[in-house]
Amino acid sequence: MHILITNDDGPPSDQSSPYVHSLVTSLQAQGHTISVVLPHTQRSWIGKAHLVGKAVKPTYFRPQPLRTTSTGKLTNSGTTHTSPLPAHSTEEEWVLVDSTPASCVQIGLYHYFNDRGPIDLVVSGPNYGRNSTALFSLSSGTVGGAMEAAVCGMKSIALSYAFFDRNHDASIITGASALSAKIIQYLYDNWDPETHLYSVNVPLVENVGDRKVLWTHMLQNKWKSGSCFQVVDVPPDADDTPEDTENAIRKQEEKLGKAELRGNTDGVLESETNSGAGTPLDRPHVRYTHKHFKWAPSFKDVYESVEESEPGNDGWAVAQGYTSVTPLKACFMHVGSGVQGEIKL
């Protein structure tokens, strides 16, 4: 089949996007036609957004062949160009756009690849990190890309690789991609007509292909440690790059992931948890203090919600080292409590 690939981590990179080339290689090995449109840089935590009013400009990425280094790691390299290859070239080339995963999907579906035939499926990912539970999924650019495809009437899958240790070797990534390719084929061949998209979380553990693959529901969880922002003393023009911010987030995920494998996240990252405490507004006409803020959520909330949950949800499955497959609707579904008719005030 013809599969469109996007992600929210950008083009292949050992630091920020280490998985997409492995997945593309696994799908190509199964005989699929793979077309790729990615953000030109890190676009995590952006959901299903589009950059309104911005002209979108493409560049062209030519991946180098995927190899395993002497240290057992996968290479993730390539070159970026301002113009595409000539029509007669057989060299592999991907499209990069300076926008969001959702915009990549729109551009990939309607503005490229017509000579390759209709696109049968959109796969968004693999994300560098899990997208289990509502707190991760509602902000995920990976899930957002798959949502965009679904509201365009396409079958789509959001794929995420849940790491517990970022020093995983080539065999673990290759095993996750091989399993993902099998799951992608299975879901496409057995698509539930009531499902708009699937969210799949594959744990990066040894022999993942021999572990269980489970149908799951999404765990509804909440931020409970207070604000996801910290007050900082730097001016607003001293921003970290998206890559810097995402790297800091992954370090926090890695610490919690290792604790998760040990079955205990108590006491982890206490210093990074926001209290959310504030001063009551106990007098009229309170004047504001000028402050700067930095986004710094406490992911301990996510891991604790998984620990406290009953088996069967996506977060629980990943914590056990299982692959979770969650069927989703591409909408904010109304509450099924039977409310209807006029509201009389």
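Is asparagine 221 buried or exposed? With a relative accessible area of 6%, asparagine 221 is buried (buried means under 20% relative accessible area, exposed over 50% and partly exposed in between, with a 1.4 Å probe and protein chains only). A few notes before the views: this is a predicted model, where local features need pLDDT of at least 70, side-chain atom pairs count only at pLDDT 80 or more, and totals for chains, interfaces and linings use all residues. Residues are numbered from 1 along each chain as its sequence is written, and side-chain values use heavy atoms, leaving out hydrogens and water.

**View 1. The whole chain.** Here we have eight helices and twelve strands (helices, H or I with at least four residues, and strands, E with at least two, are DSSP runs numbered from the N terminus). Of the 345 residues in the protein chain, 48% are buried. Take the contacts with a separation of 6 or more: residues 24 or more positions apart account for 82% of them (contact means heavy atoms within 4.5 Å).

**View 2. Around asparagine 221.** Look for this residue in the loop between β9 (213–215) and β10 (229–232). A polar atom of the asparagine 221 side chain sits 3.4 Å from the backbone nitrogen of alanine 134 (a polar contact is a pair of N or O atoms within 3.5 Å; within protein, one must be able to donate a hydrogen and the other to accept it, and residues adjacent in sequence count only if both atoms are side-chain atoms). Setting aside neighbours within four places in sequence, asparagine 221 is in contact with Thr133, Ala134, Leu135, Val302 and Ser305.

**View 3. Strand β1 and its partners.** Five of the five residues of β1 (residues 2–6) are buried, so the strand is largely enclosed by the rest of the structure. His2, Leu4 and Thr6 point one way, while Ile3 and Ile5 point the other. Four bridges join β1 to β2 (residues 33–39), and the two run parallel (strands pair if DSSP finds at least two bridges between them). In that pairing, histidine 2 stands opposite threonine 33.

**View 4. Helix α4, mostly covered.** Ten of the eleven residues of α4 (residues 141–151) are buried, among them Val143, Met147 and Glu148. The cover over these buried residues includes α2 (101–110), β6, α3 (133–137), β7 (156–162) and β8 (197–203). Serine 140 caps the N-terminal end, with a side-chain oxygen 3.1 Å from the backbone nitrogen of threonine 142. Just after the helix, glycine 153 takes a positive phi of about 85°.

**View 5. Helix α5, end to end.** This helix (residues 170–189) has 20 residues and reaches 29 Å from its first C-alpha to its last, close to the expected 28 Å (1.5 Å times one less than the number of residues). Its buried residues include Ile172, Ile173, Leu179, Ile183 and Leu187.

View 6. The whole structure has zero disulfides (a disulfide is a pair of cysteine sulfur atoms within 2.5 Å).
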